[in-house]
Amino acid sequence: MTAARVERRRLPLPFLLLLPSAVFMLLLFGWPLFMGLLEAFRGPDGFTTAHWERMAGEPRFWEAVRNTLLLTAVVIPIQFVLALTMAMLLQAKPRGAGFYFYVWAVPLAISDLAAGLVWLAIFTDLGYLNSTLVNLGFVEQGIAWLNYQNPLSLFMTVVVAEVWRATSLVLIIVVAGMQAIPKDYDEAAQVFGASFWKRLWHVTLPLLRPSLQVALILRTILAFEAFAVAQALTGRNFPLLVGETYEWSVGLQNPAVASAVALVVLGMSMVVAVIYLRALRQPDSVRDAR
Amino acid sequence: MAEVRMRDLVKSYPGGSGRATDEVSLDVEDGEFVVLLGPSGCGKTTLLRMVAGLELPDSGQVVIGSRDVTYLPPKDRNLSMVFQSYAVFPHKKVRANIGFGLRMRGKDKAAVDHKVAWAAELLQLTPFLDRYPSQLSGGQRQRVAVARAIVMDADVLLMDEPLSNLDALLRLSFRAELKRLVGELGTTTLYVTHDQVEALSLGDRVAVMRDGRIEQCDEPIAVYDAPASEFVGGFLGSPPMNFLAGTLVEGDGDGGGVALDLGAARVPAPAELAGMRGQAVVLGVRAETIGVSRSARPGAARCVVEVFEPLGSAVLITAELAGQRLKVQAANTFRAEPGDELWLDLAPEHLRWYDTSSGAALATGTSAVPA
Amino acid sequence: MSAPAVTPSTVDTSVALPPVDRAPLRRLRRRRVLLQAACVLVTLFMGLPVYLIALAAFSSRATLNEFPKSLLPTGFSVDTLSSFLSSSGVVAAFLNSVVVGLATLVLALLIGAPAGYAVARFAFRGRDTYQLMLLITRALPIVVLSVPLAQLFLTAGLYDSILAVTLVHSALALPTTVLITASVFVSVPRDLEEAAQVFGCTRAQAFRRIVAPMALPGIAAASIFTFVLSWNEVLAAAILTLNNRTLPAQVLTSLADSPIAYRFAGGFALVLPALLFILLMRRYLLNMWGSTLR
């Protein structure tokens, strides 16, 4: 965000303009964050780790950690491959590209709760998937996709719903990134004899790196926050970390443990962001080039 | 290396008005340097891109060597190209940029290194091989783009306004260097520009384009001296060719000659136009071919100075001749003031004749266009 | 009569040329067909679920209980939707969602747009720090804030109020609002604003007469974005309220003990604004994510 020409002023006008937002964010981000930290470590007799022990002693917590990480690890690679494919399909300017883009972008504005309910209509026992399978004669009776006794299919339904819901975000970032790359680079690669795959590997992906980095960080952090999808599809059969926070806070009325779980999510988000930023760092010289 | 043959190439863009190229045919001989010159939107870049394979024609044919490549993907055409924006990959070092085409064609590393070193030496890029493009100046990036193109041993070298992003001084020096380089390599080259000086200086032949058609294709001197149409004469040269409209009448000379009546002055016309007596024609004459003197002389046309501009190497006079305006270039020692009377000598061998309605050149002995 | 010159031939017609090779063109056509097929396939995956939830929401109770169901609209009925709307709390929650969304939109814009303007137009010490702060808050999980905020609001007497949800949603939308409005203001040429000032406008007049009208479409886009963010937010709304639920919170908290028809209707009600939103925002989506995230 660099203004073409930014003026230097001694007047406090910019500070006046910024002040409300800064105060607002301090009050609604800084203060609760601080309070949350305090809460998680505060007992009746001052500092304590009892809430953390309580959290860790609950098997559902570890199940939630495992599920959250597993879901993220499976969903994100699928989403990136899918989003890149979709972006390249759009770049090839098919007939009706505007319509395709619209349909593909719709889930961007759909909440994870709504996404869960949408796929519930498909995966539920008497839902549209089973109906189709029976209609086509593949199975005699419907399959219990959402039964807790089928952990794999339970997991897969959540994966499908998450891929469906959140690929649009990656798509938008990737398409915007692709449009910012001058066409000349790809054309030069074509003229100099590069095949489609070589162009993808040597030109498109490296030039998309900043966009992919942003998408990856954003998507991973958002993936850690998913919970309503699983709630809508599986009830309490597929615990996720944020869902556990919700349970501790609303169901069990224990804000201290809820804060501890929330801080685990925050910690995971920060670790992931740092890892990505390091792993995907480019030499400064390359970044300045465009 | 190979020759390029374009035949009846038609290309129109969806939503565009009319054809970008309209049945264009052109041959570029083996080792020849042909420049496509024209104003923006004349179809020169479209033509180049059809040779490159970056656009496919609606109809027509492109042949490189003896191979039809009309619809072949760019990567299979064995071309190389210099882009207007250079298109030097920002994420690759200079070395990888120059060697890119060779690596894509599967050459082994030793061969690539050898060629890269050669090209870098030729373009004075050796000290920069391990830098990223962002660490180079615009001129150096341009050299990288050229180096990347010449290492390819391509059949045809395509250049799309490669000098237009350089500043004026750099452009001048790199132009000469480019000419020397391409001359030594002897690669068949197709070069697009809207800069007439560049076109005249570089090309073995210059193809002047307008509205998707080639108006004239000839050696630079011929295109400049004998423009095939008013458009070509007006597009080339600075100042552009003067055009004076008049009517052909009975000449004053012996043998029933023919002359152009400009109102206040009469200019003898070639005998080939005798059959057109009574018709309106346009006379074209270059500013620097007009003789100018301060005293009245027989056969000279009187004009009045409107503007006098010293240009350093010469002086430029804008004058009014019988209600029509023309520009005259004189030696830099010549002086005049607005309002001065001058007499102009229009030497017959420098006069060109054009049809009033079509603007096409009329065949005359003096302006005979080489067939 | 006239004697037009013959344009010199640019081609050597005596050379026999090889025939035009159309094989690459056929390959290209085949590729286009595959491209369309792939696009249709992806569209089915992305679009079919939306169609199916709409189908479910507009099916009668009897049709919903059928098995196997037909994928074509057979038993059209508004029973499912109307029973959803008449179940307790739904209409109130719907209205709450709209009110919270609009209030969030206004509040975020009032606080965020001036900051966006400052970031776009001024160089000042602390500008980078401020932008870093925006990025960090953007990445902060909502859940970390919601639990302590519930405590804070309880003590402040704001718990279970529309205002509480509005405040949190505004805070969540603020970083994005600042970044989007900044990019909108950057795109309004500085020259125009200066020209207005040269011709006698004050800074405020120049802003009102020149900048504001030009920035309006972009600001509108940012507003719609804020509204949708608020409309979709589930967690904070569910944690911060008990009786004054927004629609997603209402649907979430009654998931466990509601009939399946209720859930389908709720899902459709939540999806519907998304269809509208993306339709309105198609043109802005790429600008928003393209320019604000770099």
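**A first look at chains A and C**

1. Let's start with a kink: helix α7 of chain C bends by about 40 degrees at A173(C), the bend at a residue being the angle between axes fitted to the seven residues ending there and the seven starting there. A proline, P175(C), follows within four residues.

2. A word on the source: this is a predicted model, in which local features need pLDDT of at least 70, side-chain atom pairs count only at pLDDT 80 or more, and totals for chains, interfaces and linings use all residues. Residues are numbered from 1 along each chain as its sequence is written, while chains are lettered from A and ligands numbered from 1 in the order in which they are written.

3. Back to α7(C), which covers residues 162-187 (helices are DSSP runs of H or I, at least four residues, and strands runs of E, at least two, numbered from the N terminus). Its 26 residues reach 35 Å from first C-alpha to last, close to the 38 Å expected at 1.5 Å a residue (1.5 Å times one less than the number of residues). Because 23 of the 26 residues are buried, α7(C) is largely enclosed by the rest of the structure (buried: 20 or more other C-beta atoms within 10 Å of the residue's own, with C-beta atoms placed from the backbone).

4. Next, the contact between chains C and A: each chain gives 85 residues (contact: C-beta atoms, placed from the backbone, within 7 Å). On the chain C side, the largest share, 17 residues, comes from helix α12 (residues 260-292).

5. Finally, chain A has 13 helices and three strands. Of its 290 residues, 47% are buried.

How values were computed: A residue is buried if 20 or more other C-beta atoms lie within 10 Å of its own, exposed if 12 or fewer, and partly exposed in between; C-beta atoms are placed from the backbone. Two residues are in contact if their C-beta atoms, placed from the backbone, lie within 7 Å.
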